[in-house]
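This briefing covers a metal site and a sheet. Please look through the sequence and the model before reading the points.

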Amino acid sequence: MAEFKIAPSILSADFARLGEEVDNVLASGADIVHFDVMDNHYVPNLTIGPLVCDALVKHGVTHEIDVHLMVKPVDRIIPDFAKAGATFITFHPEASEHIDRTLQLIKAEGCKAGLVFNPATPLSLAEHVLDKVDRILLMSVNPGFGGQSFIPHTLEKLREARKMIDESGYDIDLEVDGGVNVKNIREIAEAGARTFVAGSAVFGAANANDPHDYETVIAALRAELAQAKT
Ligand code: DX5
Ligand code: ZN
């Protein structure tokens with residue numbers, strides 16, 4: 001069976017208690033901290049920056065921090081996130097004037113690099129830079145907000161991306177972001193995804209006894225993944 005990773009998006013966490021929320025979600029079995037950076041320019045929302053990433057690292061987070069940049073321009077902020085402890089930095093090709101250069105910059109800063117594809121952005125943009133890409137992230141919603149519904153066409157695009165990655169021979173992760181939940185994660189895995197961002201499905205899963213116990217929902221996501229035919 002393929003290896004699957006669950007990456008809760010802290011966009012849906014309680015920001016007033018962020019360190020505790022991240023600790024809880026990781027202790028509950030999450031693999032990766034998905035860190036959504038929005039600038040009220042490339043996307044119509046404003047979130048968190050390098051200071052918050054740095055604070056999480058200082059708080060003691062040692063798991064992968066997957067920084068998803070929804071900012072334009074993108075190059076200026078990359079060294080700041082590298083210094084702040086980002087493991088992965090992914091960006092949208094539309095936000096960079098020079099995609100190859102931005103990928104090189106991320107690598108030179110010591111991070112892994114990824115390209116993010118909006119629902120309407122063609123995968124062909126990755127074709128000539130696959131040797132520099134560690135992760136392809138397909139947006140299954142339009143970026144900017146948590147809690148939106150999964151766009152079904154993403155399944156077809158995931159199959160296309162899976163094929164492109166497998167044929168390339170490179171070790172490239174395939175991640176999906178937006179509207180992932182217990183009901184649809186299995187078919188998303190079967191379409192080829194290996195890393196699953198889930199914001200509202202994880203942080204919105206309140207347990208009556210302990211509203212910050214995320215074990216139940218993460219176990220349910222994993223149980224679905226265990227049944228996926230890949
Ligand atoms: C959307 C963000 C996502 C978002 C996912 O622009 O990139 O990471 O938080 O949230 P859900 O899982 O609620 O769709
Ligand atoms: Zn994201």
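Donors are N, O and S atoms within 2.8 Å of the metal (3.2 Å for Na, K and Ca), and sites may look incomplete because water is not among the atoms. The model is predicted: local features need pLDDT of at least 70 and side-chain atom pairs count only at pLDDT 80 or more, while totals for chains, interfaces and linings use all residues. Residues are numbered from 1 along each chain as its sequence is written, chains are lettered from A and ligands numbered from 1 in the order in which they are written, and side-chain values use heavy atoms, without hydrogens and water.

**Zinc site**
- His34 (NE2), Asp36 (OD), His68 (ND1) and Asp177 (OD) coordinate the zinc ion (ligand 2) at 2.1 to 2.3 Å.
- The arrangement is octahedral because the six donor atoms subtend angles of 69 to 171°; for six donors, this term requires opposite donors over 155 degrees apart and all others between 65 and 115.
- Asp36 lies in strand E2 (residues 32-38) and Asp177 in strand E7 (residues 173-177), so the pair ties together parts 141 residues apart in sequence; strands are DSSP runs of at least two residues, numbered from the N terminus.
- Asp36 is buried, with a relative accessible area of 4%; buried means under 20% (1.4 Å probe, protein chains only).
- Asp177 is also buried, at 8%.

**Sheet**
- Eight strands form an open sheet with parallel pairing, in the order E1-E8-E7-E6-E5-E4-E3-E2; two strands pair if DSSP finds at least two bridges between them.
- The edge strands, E1 (5-8) and E2, each pair on one side only.
- E1 runs parallel to strand E8 (residues 195-198) and is joined to E8 by four bridges.
- Pro8 has Ala198 in E8 as its bridge partner.

Conventions. Four donors count as tetrahedral if all angles lie between 85 and 135 degrees; four count as square planar and six as octahedral if opposite donors are over 155 degrees apart and all others between 65 and 115; anything else is irregular. Buried means under 20% relative accessible area, exposed over 50%, partly exposed in between (1.4 Å probe, protein chains only).
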